[in-house]
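Dear colleague,

Please find below the structure that I would like to hand over to you. My findings follow directly after it.

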Amino acid sequence: MVRRPVAWVAAIVLFVEAIGIALLNWFLGVVVDRQDMSLAGLDSDMMSVSSKVGGLVFGLYFALCGVAALLVAVRDRAPGLFGRILLISAAVVHGLLGAFTVGLVGWGAFVFMMVALGLIVFTLLAFDHGAGPADAAPGDGAGGKDGNGGTNGDPNGGMSGGTGGSPVTAPPAPSAS
């Protein structure tokens, strides 16, 4: 299957993004601090600190999303509710960042964001929560199908042959007491 390797790649991409975002914002904070300039009367020290803190928070967010994707890859099952929420929010963030990066950075950054978005969405969709006995293939004993889409039941609802399924027994009659 392809789903585990895609989840691994999504986790690696999210970890790389976490480090990249944190370092980029730290660098921007250092640049603002060294220029010692004001933007519309804002304190340059406050802008520097807020850029660094914002980069660390955003980097930690992407790292947490990477942990969620890593757990999906290691366990080979769908993420829990918290992991699912994290990965969905990361997909939305990548969609928005992709839209903004086209004009600000260029098409290369847009392609990277869309690849990351695709990896996250594939990771979410490849591990389906609803897969279970109800989704079993016909003819494997999960529902009394005869392989041709029909059931081999008689008009009274009983089974008169077929491939698979267990015999149906009537429920016990209610007592008069």
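Which pattern does the chain follow when read along the sequence? The pattern is α-α-α-α. Please note that this is a predicted model. Its secondary structure consists of four helices and zero strands.

For the chain as a whole, 26% of the 177 residues count as buried. The accessible surface is about 11400 Å², and carbon and sulfur atoms contribute 69% of that area. Among contacts with a separation of 6 or more, 60% are between residues 24 or more positions apart.

Helix 4 covers residues 107-126. The buried residues of helix 4 are Met113, Ala116, Leu117, Leu119, Ile120, Thr123 and Leu124. Viewed down the helix axis, these buried residues fall within an arc of 155 degrees, and therefore they line one face of helix 4. In general, an α-helix has 3.6 residues a turn, so residues three or four places apart point the same way. The buried residues of helix 4 pack against helix 1 (3-35), helix 2 (44-75) and helix 3. Trp107, Gly108 and Leu125 are exposed on the other side of helix 4.

A nonpolar patch on the surface may also be of interest to you. It is formed by Ile88, Val92, Leu96, Phe100, Leu104 and Val105, which together have about 660 Å² of accessible area. Of these, Ile88 is located in helix 3 (residues 81-104). Ile88 is partly exposed, because its relative accessible area is 44%, between the limits of 20% and 50%.

Yours sincerely

Methods. Residues numbered from 1 in each chain as written. Predicted model: local features only at pLDDT ≥ 70, side-chain atom pairs only at ≥ 80, totals over all residues. Heavy atoms only, no water. Patch = residues over 30% accessible without salt bridge, like charges linked within 9 Å, V, L, I, M, F, W, Y side chains within 5 Å. Areas by Shrake-Rupley, 256 points an atom, 1.4 Å probe, with all protein chains shown as cover. Salt bridge = Lys/Arg side-chain N within 4 Å of Asp/Glu carboxyl O. Helix = DSSP H or I, 4+ residues; strand = E, 2+ residues; numbered from the N terminus. Buried < 20%, exposed > 50% of the residue type's maximum accessible area, 1.4 Å probe, protein only. Contact = heavy atoms within 4.5 Å. Expected span 1.5 Å × (residues − 1). Arc of directions from axis to C-beta.
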